[in-house]
Amino acid sequence: MANDKSSMQLISRGILSENPIFKLALSMCPAVGISTTVMNGLLLGIAVLFVQVFSSVTISIFKNLIHPRIRIPTYTLTIATWVTVIDLVLAAYLPEAYAKMGIFVKLIVAFAIITMRLEMFASKESVNDSFWDGLGMGLGFMVGMMTIGFVRELLGSGAIFGYDVLGFKPLLFFILPSAGFFVVGLMMAFFNWIEIFYKRSKGLKR
Amino acid sequence: MKDMLTIVVRLTISCLLAASVMGVCFIFTSNAKKHNEHVKEQQVMYELLGYKNGAKIPESLALHEVYRYVISSSEKQSIGYLVPKASGKEAGYDFVNIDLNGALLENKAVALSETEVLETETRNKAVQQAVGAGYTANFADRIIIVTDNGKRIAYLIGGKFQGFKTFVNVMLAVDPNFSLLGMEILEHEEDPGLGAEIEQDYFKNQFKGKPFEALKTINVVKAPIPDDYLKALTGKLSEADILKFREQYKDKDIYALTGATISSKAVSNGVKGIVLKFAYRINVLDKVLREQQLAVSF
């Protein structure tokens with residue numbers, strides 16, 4: 001199964017048509033738990049982006065050496081290694097950010113989206129394509145986390161990036177974890193609606 | 001059989017590869033990480049002493065670290081203190097072993113430099129050597145005695161106590177009369193939105209300025225914080241007004257956090273325990289040092 005998409009198509013697929021959070025509905029745990037502010041979403045998104053790209057490339061390089069029976073332990077090991085590396089680097093060089101998100105970085109080991117991309121894509125495709133696919137998926141996750149964070153921070157604490165923009169707190173409920181489900185659900189509906197709209201308009205043109 | 005062998009070999013190689021990547025990364029980052037933790041700790045200490053965000057720290061101010069060890073053998077227990085010697089920077093440390101009744105057992109010089117003493121392993125080894133075979137020395141805690149021109153102005157005490165979920169790690173600053181100067185929560189795993197509020201100003205600043213007498217019987221009350229006191233705690237009033245409120249509420253109990261009475265109680269009891277025990281210990285240590293006329297740096 002060779003990949004016939006260009007690098008740009010791979011990236012846009014990760015962000016739009018196969019967005020990990022809104023389309024594939026993977027890694028919902030962090031989407032709900034951590035995305036209380038835009039900043040949290042951005043920081044975790046960057047960490048996931050790095051882990052995804054590094055893991056995809058690593059698996060793609062070694063894909064012919066990995067015995068098919070033990071591919072899952074190998075993926076997990078790869079992801080765990082890169083998560084540890086990023087955890088150590090963050091703790092050493094970005095202590096401010098690490099203090100906020102240190103506890104979440106370790107959770108990336110168990111993110112479904114990363115294992116899924118390794119299984120579906122990186123283990124079959126070339127190194128180059130795997131890199132772009134990882135980048136697209138990572139960016140898609142980051143954008144998803146930031147949009148959810150944007151809505152929740154704005155409605156929950158009336159601020160964006162920690163700056164008070166509304167001057168009051170509309171609904172404290174949006175800060176709580178259960179509100180994450182509502183926001184994700186509404187966002188999914190919104191993106192699906194856009195897609196349907198887009199396809200229809202395209203169909204009419206033809 | 002052949003499959004099994006290749007699986008074993010390949011998994012082993014992958015593990016070795018992963019281990020070496022992580023190992024190399026650890027070697028490169030561990031120093032920076034340690035440095036960060038040290039800087040963070042120093043920052044917390046100076047903030048507790050009232051030097052916020054890079055305020056100039058006078059040169060007459062000095063921090064002296066004292067390490068407490070529990071020395072135990074099969075029959076008896078004693079408490080050992082590693083105290084810095086008086087003269088000069090590279091003077092080394094004295095190891096003072098005190099029995100449970102407050103009498104001196106022995107006193108030995110320990111050759112450790114200021115940087116060596118920060119290394120937990122080196123320090124533990126040196127103390128173990130000082131107590132000799134047949135005894136085990138277990139590190140208990142560290143206190144920091146702050147002096148200004150040779151006069152004691154504060155103590156910084158680290159401590160741990162049981163919170164609602166796991167341990168809460170705090171650092172307290174007390175003045176020479178054991179009144180609280182401040183409290184900082186270093187580490188905790190309480191519930192966000194509920195117990196985690198213990199690290200918020202409006203809770204932890206309630207402890208500021210509590211005199212020793214009030215701390216002895218401190219408890220929590222389940223009542224909302226009065227509005228004007230809340231403003232004072234979160235620093236929305238002028239410095240003079242904050243002090244006025246601190247004076248007014250200094251003998252009152254701590255207002256518990258809404259929905260987190262257990263965490264609030266745990267903190268107030270923990271702080272009480274740490275300060276009371278510390279007051280007893282430092283008095284015993286001071287008495288011994290005075291009787292033996294040991295020249296220490298603080």
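The model is predicted, so local features need pLDDT of at least 70 and side-chain atom pairs count only at pLDDT 80 or more, while totals for chains, interfaces and linings use all residues. Residues are numbered from 1 along each chain as its sequence is written, chains are lettered from A and ligands numbered from 1 in the order in which they are written, and side-chain values use heavy atoms, with hydrogens and water left out.

Let us start with chain B, whose secondary structure comes to 7 helices and 10 strands. Helices (H or I, at least four residues) and strands (E, at least two) are DSSP runs, numbered from the N terminus. The C-alpha trace of chain B spans about 80 × 55 × 45 Å along its principal axes. Of its 298 residues, 42% count as buried, where buried means under 20% relative accessible area, exposed over 50%, and partly exposed in between (1.4 Å probe, protein chains only). Taking contact as heavy atoms within 4.5 Å, 57% of the contacts in chain B between residues at least 6 apart in sequence join residues at least 24 apart.

The largest nonpolar core has 44 residues, and V271(B) and V275(B) have the most contacts inside it. Several elements of chain B each supply at least two residues of this core, among them strand 2 (77-84), strand 3 (93-99), strand 6 (151-162) and helix 7 (261-292). Helix 7 of chain B gives the largest share, 11 residues. A core of this kind is a set of buried Ala, Val, Leu, Ile, Met, Phe, Trp, Tyr and Cys residues joined through side-chain atoms within 4.5 Å.

## Where the chains meet

The contact takes 17 residues from chain B and 17 residues from chain A. About 1,500 Å² is buried between the two chains, and carbon and sulfur atoms give 75% of that area. Buried area is the accessible area (1.4 Å probe) that two parts lose on being put together, summed over both. By class, the side of chain B that touches chain A has 10 nonpolar, 4 polar and 3 charged residues. Here Ala, Val, Leu, Ile, Met, Phe, Trp, Tyr, Cys and Pro count as nonpolar, Asp, Glu, Lys and Arg as charged, and the others, Gly among them, as polar.

Across this interface there are 0 salt bridges, but 3 residue pairs are in polar contact (both at pLDDT 80 or more). A polar contact is a pair of N or O atoms within 3.5 Å; within protein, one must be able to donate a hydrogen and the other to accept it, and residues adjacent in sequence count only if both atoms are side-chain atoms.

## Salt bridges within the chains

Over all chains the structure holds 15 salt bridges, each a side-chain nitrogen of Lys or Arg within 4 Å of a carboxyl oxygen of Asp or Glu. Here are some of them.

| R117(A) | E18(A) | 3.8 Å |

R68(B) in strand 1 (residues 61-72) and D141(B) in strand 5 (residues 136-148) link parts of chain B that are 73 residues apart. Both R68(B) and D141(B) are buried. In chain A, salt bridges that share partners join R13(A), E18(A), R117(A) and D133(A) into one network.

R117(A) counts as buried at 3% relative accessibility, whereas E18(A) is partly exposed at 25%. R71(A) lies in helix 4 (residues 71-93) and E119(A) in helix 6 of chain A, so their pair ties together parts 48 residues apart in sequence. R71(A) is partly exposed, with a relative accessible area of 31%.

Q206(B) sits in the loop between helix 3 (201-204) and helix 4 of chain B. With 2% relative accessibility, Q206(B) counts as buried. Its side chain reaches the backbone oxygen of Y202(B) at 3.1 Å. Not counting residues up to four places away in sequence, Q206(B) touches residues including I225(B), Y229(B) and L233(B).

K204(B) is found in helix 3 and is also buried, with a relative accessible area of 10%. A polar contact of 3.2 Å joins the side chains of K204(B) and E184(B). The C-alpha atoms of K204(B) and G182(B), 22 residues apart along the chain, are separated by 7.9 Å.
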